[in-house]
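Here is a short report on one protein model. Look over the sequence and the fold, then read on.

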Amino acid sequence: MSRESRGGNVLENGRGDHGNGFGLMQVDKRHHKIVGAWDSKEHITQATQILIGMIQGIAKKFPNWSKEQQLKGGISAYNAGPGNVQTYEKMDVGTTGNDYANDTVARAQWLKMHGY
């Protein structure tokens, strides 16, 4: 939510990415049927399930990666698709800003460190 929509602060009527992204976690309407209101539990559940599916797909694609590497690969895939993740070292090439997983993990660490 922090990376995708700055907690909703950069959205217009719950939308971002030129109208293609929806909600706090920016579910892409071109690839998914939108569920719930932009800030609803249903939306967050849907987006979380998409993320879980990406992590599982990366774990299957790269079974020798550590769980942490698979998590990071799944985060990258959430943004750019599982086909974009080819190597651990270059998984973010092709993501928004070419730093999506690294930035998302850094944000999560910062939020945890500050009690969120």
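## Around H3

Just after H3, glycine 81 takes a positive phi of about 95°. This is a predicted model: local features need pLDDT of at least 70, side-chain atom pairs count only at pLDDT 80 or more, and totals for chains, interfaces and linings use all residues. Residues are numbered from 1 along each chain as its sequence is written, and side-chain values use heavy atoms, without hydrogens and water.

Helices (H or I, at least four residues) and strands (E, at least two) are DSSP runs, numbered from the N terminus. H3 covers residues 67-80. Its buried residues (under 20% relative accessible area, 1.4 Å probe, protein chains only) include Gln70, Lys72 and Tyr78. The buried residues of H3 pack against the elements below; contact means heavy atoms within 4.5 Å.

| Partner of H3 | Residues |
|---|---|
| strand S3 | 27-28 |
| helix H2 | 41-61 |
| helix H4 | 100-113 |

H1 is also a partner.

Proline 82 lies in the loop between H3 and H4. Beyond residues up to four places away in sequence, proline 82 touches Met54, Ile58, Lys61 and Ala77. The C-alpha atoms of proline 82 and lysine 61 are 8.9 Å apart.

Glutamate 4 sits in H1, residues 2-5. The side chain of glutamate 4 makes a polar contact with that of tyrosine 100, at 2.6 Å. A polar contact is a pair of N or O atoms within 3.5 Å; within protein, one must be able to donate a hydrogen and the other to accept it, and residues adjacent in sequence count only if both atoms are side-chain atoms.

Key. The expected span of a helix is 1.5 Å times one less than its number of residues. Buried means under 20% relative accessible area, exposed over 50%, partly exposed in between (1.4 Å probe, protein chains only).
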